[in-house]
Amino acid sequence: SSSSSSSSSSRSESTSSRSPTTSPSTRSTSGPLAAPSVPSYYYQDQCSGVPGSPMASPLGADDVGAVLQQLDQRRRQEARSTATAEKNDLIEQLNALRLDSERLLSSKLERARAEARLLEQQAAEAEQRAQSEMRARLERQRAEREERLQLEIQRVERRKALAQQEQRERERARERARLVAEAEAEARRHKAEQLKAQRKAEAEQQARQQKQAELQAKQKQAAQEAGHSAGSGAGGLSLGQNAVSAALGSRAAAPSLGPNAVVVSAPLSAGGAATAGSSSSAGVDTVPNSCRAPYLERIKLVKRLVELTSDKGPNDRNYHRTINMAINQISASHEQVCAKIDQFTQLFNHAKQTSERDYHFCLNTFACKVIDQGETQASSHRDSAYPIARVVASVCYAFPDLVEILLGHFHQVCPYTLPFYPRKKPGMSTEAFFVSMGYQVNSQGELESEDEFLARMSGMMSIFAALCQCFPDNPYTLEQGWSWIARVLNMKPRRITSTILFDFLSVAGFQMLRRF
């Protein structure tokens with residue numbers, strides 16, 4: 001379009017340059033052409049080179065009119081050609097504009113179609129996302145329903161298992177109550193038999209004394225008849241016989257004391273008071289050899305176990321981690337205590353089936369962890385000793401080999417559970433003496449303070465006392481607790497005596513009051 005406009009403008013310029021410069025007043029609008037008065041330079045400028053021009057030859061009036069007609073025709077032709085060219089240019093411009101508009105419309109149409117396809121694609125993706133979200137939501141709802149159903153099933157199973165466990169516990173409690181009743185009946189029967197035997201012995205003694213009195217009367221009568229001197233000798237003889245018979249009678253009536261007897265007598269009846277007899281051995285400084293021998297044997301047993309399990313086995317790490325986690329998880333909950341008892345029972349049975357060495361390793365590790373609980377947890381929270389002792393007592397009842405190992409560890413760490421007060425031997429250093437008493441040495445090689453020592457011993461005594469008051473399936477019963485108190489009271493007190501007595505009675509005093 002720009003090229004056509006430029007060509008048309010060039011044509012118009014050329015046409016305007018060729019057109020005469022005469023004004024319209026010089027032309028005649030009608031009639032034959034007259035010879036106008038035209039200056040001579042006009043012909044020189046406009047008609048130069050034209051045949052018949054004034055420059056070639058002088059023109060007449062007719063020639064000028066012809067020339068003017070030819071010029072007019074030529075101008076008309078040029079105007080028509082110019083109009084035609086302009087028309088063609090306009091047509092070309094219109095065609096170009098039409099093509100441009102068509103291209104613009106087609107591009108807009110393509111963009112609209114692309115946007116429509118994009119919108120359709122986005123709508124399809126949105127619908128697909130909505131369907132996937134719907135499917136995911138349905139899957140989650142189905143999974144949640146299944147999970148709730150599984151949880152409900154597990155809850156029902158746990159309730160059922162708990163009911164079964166409670167039923168077993170009730171049956172076990174009834175069995176224990178029956179055993180306790182039988183034991184109490186047997187104790188009452190034995191006590192009645194002892195009382196009957198004592199009364200029988202007293203009756204026999206009285207009969208012997210009566211016979212002796214009758215014999216003395218007869219001898220005195222015979223002596224009176226024989227004479228004063230013989231009577232005096234017979235009287236002395238009768239007095240000697242009376243003394244011997246009285247001594248025999250008192251020996252037969254007195255109860256027999258075993259080698260483990262202590263000065264504080266055992267309780268005579270449930271609810272009766274035990275009395276401390278006056279004896280020359282009151283306030284002794286050592287325990288009897290019959291009590292010290294098991295202590296030494298238990299210490300040797302612990303050392304043998306340590307030597308036996310010194311070589312690491314393939315399962316030691318798993319055993320150690322399982323026992324440590326299980327003991328740390330013991331809490332004052334019936335379900336938790338029963339669960340830990342079952343866990344330890346299964347673990348020890350598995351270790352026993354694996355090898356004898358693994359079995360003893362588990363028992364020794366279990367005893368060490370119980371001691372650790374006494375030194376750490378029970379020393380700060382005395383109530384935690386009850387669930388720990390309940391688990392330990394049940395495990396000891398199922399595995400009797402654990403009893404001596406556990407007591408050996410108790411005596412090794414806390415000799416006051418025997419009870420035993422170590423003495424300072426000649427040549428023993430002060431640090432070694434304190435270590436034998438139960439003090440610990442820290443990483444800097446310094447002894448712990450007395451408060452730390454008493455706190456650890458209190459925790460150990462709490463566990464020990466809680467073990468004594470667990471009954472009836474307990475290998476270490478309240479009778480051993482009574483013997484321990486008797487030995488402590490018959491020994492010379494130390495600085496720690498009040499602490500261990502207070503801790504023992506704080507834990508086991510209630511059950512001992514009910515029992516004795």
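**Chat notes**

Reader: Let's start with Val441. Where is its place?
Author: Val441 sits in the loop between helix H11 (430-437) and helix H12 (450-468). Keep in mind that this is a predicted model.

Reader: Switching to H8. How many residues does it have, and how far does it reach?
Author: Helix H8 covers residues 356-380, so 25 residues, and spans 36 Å from first C-alpha to last, close to the 36 Å expected at 1.5 Å a residue.

Reader: Where does H8 bend?
Author: At Gly374, by about 35°.

Reader: How many of the residues in H8 are buried?
Author: 18 of the 25, so H8 is mostly covered.

Reader: OK, salt bridges. What does the count come to?
Author: The count is 15 salt bridges. One of them pairs Arg456 with Glu375 at 3.0 Å, N to O. Arg456 lies in helix H12 and Glu375 in helix H8, so this pair ties together parts that are 81 residues apart in sequence.

Reader: Are Arg456 and Glu375 buried or exposed?
Author: Buried, both Arg456 and Glu375.

Reader: What about Glu146 and Arg142, how do their side chains meet?
Author: In a salt bridge at 2.8 Å, N to O. Glu146 and Arg142 are four residues apart in helix H3 (residues 61-226), so about one helical turn separates them. Glu146 is partly exposed, with a relative accessible area of 42%, and Arg142 is partly exposed too, at 38%.

Reader: Last one: Asp503. Which helix is it in, and which side chains does it contact?
Author: Asp503 is in helix H14 (residues 497-515). The Asp503 side chain makes a polar contact with the side chain of Arg382 at 2.9 Å, and another with the side chain of Ser458 at 2.8 Å.

Reader: And why does Asp503 count as buried?
Author: Because its relative accessibility is 2%, and buried means under 20%.

Terms used. Residues numbered from 1 in each chain as written. Predicted model: local features only at pLDDT ≥ 70, side-chain atom pairs only at ≥ 80, totals over all residues. Heavy atoms only, no water. Helix = DSSP H or I, 4+ residues; strand = E, 2+ residues; numbered from the N terminus. Expected span 1.5 Å × (residues − 1). Bend = angle between axes of the 7 residues up to and from the residue. Buried < 20%, exposed > 50% of the residue type's maximum accessible area, 1.4 Å probe, protein only. Polar contact = N/O pair within 3.5 Å; in protein donor to acceptor, adjacent residues only side chain to side chain. Salt bridge = Lys/Arg side-chain N within 4 Å of Asp/Glu carboxyl O.
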